[in-house]
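Work through the exercises below with the model open. Try each task before reading its solution.

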Amino acid sequence: YMPDALLGQSIETLIPDRFRPQHPGHRTTFFAAPEPRSMGRGRDLYGLRHDGSEFPVEIGLNPLTTDDGSFVLASVIDISARKKAEDALTQYIENLRRSNTELEQFAYVASHDLQEPLRKICNFSELLQSRAKGLLPPDIEQYLIPIVNGAIRMQTLVQDLLSFSKISRGELIVKTVNVQEIAELVTSTLDTVITECQATITIGTLPSIKVNPTQIEQLLLNLIGNSLKYRGTQHPVIDISATRNQEYWEFAIRDNGIGLDPIYAKQIFVIFQRLHTKQEFAGTGIGLAICQKIVEHHGGEIWVKSTPGEGSTFFFTIPHTPHREQRFQIQPQTRQKKTLIQ
Ligand code: ADP
């Protein structure tokens, strides 16, 4: 509108037809107890142009008392651009969520279906290796070594991938369990390696909380197992503790191992990312990705604080009321770090 065209007109002129009948009522309510506020809380507001088209708006209301009576100063902002950006972002998140689910489904089906043929390759290549011993020219026999090793490695990777993709399938079934008992069970499972490397493990008072017991056992097994694996030259000293916060329990697994450079503190939780070759330390780089998935599946978070040569502390939180992770994070791609070994 040109300003002149609006002078003396009712404010309803600027409101689309479908909202017009209710508007005088809203105005009366506002004038009964005027206070500065934004209009239409929780509702989408639209303005009407002279040409009949509509556009989304945000309206701020400010009451003014003058000698001539009470007025309201309304500031109307066209938020078309912001709305468009928000809609595009919602669509983008929805697409990402869908492709994420599809990828998870693919990882599950692929790792599940690859198991059987891989088992055959492993079994028969090992059989061939033992039966062909001395029957083949030595240089040809050598070819069998990488075939067997490669097949075994692939089998481990596929099994790990399957465990990873199983975590967030289906509903999260929780029950109240004593985490201290689970930690004790896990350390008894690791008894052989604990004795072998003369490790000291201290388990503080840990709470009883509502979690999925199998997943929490797996989480502690991976974290304590890593503390033992990534030990330095001294005997491992591992401390497991928990502190209560208002909304969650915070657990800490502290070790005196080799530690890691904090620049890798995020990358190590990404699937298949490792800081060492398999000759230095055995592994597939999936353990911490599983830990992260379990913790996030319970609605918590996991992170590490570490100093190279001085040990690491892995922290994770579990909310008092665990729930399936709903947040959707867009994480930067971190796979291209040169020093990381795939
Ligand atoms: P893997 O142990 O199979 O490599 P993980 O996902 O469990 O896979 O760990 C990823 C990387 O994080 C490891 O390769 C290692 O470099 C680092 N890491 C994990 N736990 C520790 C730890 N307690 N101390 C030092 N480094 C660790």
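**Exercise 1: the ligand shell**

Task: find which helices and strand each supply at least two residues of the shell around the ligand.

Solution. Helices (H or I, at least four residues) and strands (E, at least two) are DSSP runs, numbered from the N terminus. H7 gives the largest share, 3 residues. Next, sort the shell residues by type: 7 are nonpolar, 10 polar and 3 charged. Gly counts as polar here.

This is a predicted model, where local features need pLDDT of at least 70, side-chain atom pairs need 80 or more, and totals for chains, interfaces and linings use all residues. Residues are numbered from 1 along each chain as its sequence is written, and side-chain values use heavy atoms, without hydrogens and water.

**Exercise 2: polar atoms at the ligand**

Task: which backbone N or O atoms lie 2.9 Å and 2.8 Å from an oxygen atom of the ligand?

Solution. Start with Thr284: its backbone atom is at 2.9 Å. For Gly285, the distance is 2.8 Å. Then take Ser312, where a polar side-chain atom lies 3.4 Å from a ligand nitrogen. Now check cover: the protein covers 98% of the 530 Å² of accessible area that the ligand has on its own (Shrake-Rupley method, 1.4 Å probe).

**Exercise 3: Ile140**

Task: is Ile140 buried, partly exposed or exposed?

Solution. Locate Ile140 in helix H4 (residues 138-166). Its relative accessibility is 35%, so Ile140 counts as partly exposed (buried is under 20%, exposed over 50%, partly exposed in between; 1.4 Å probe, protein chains only).

Conventions: A polar contact is a pair of N or O atoms within 3.5 Å; within protein, one must be able to donate a hydrogen and the other to accept it, and residues adjacent in sequence count only if both atoms are side-chain atoms.
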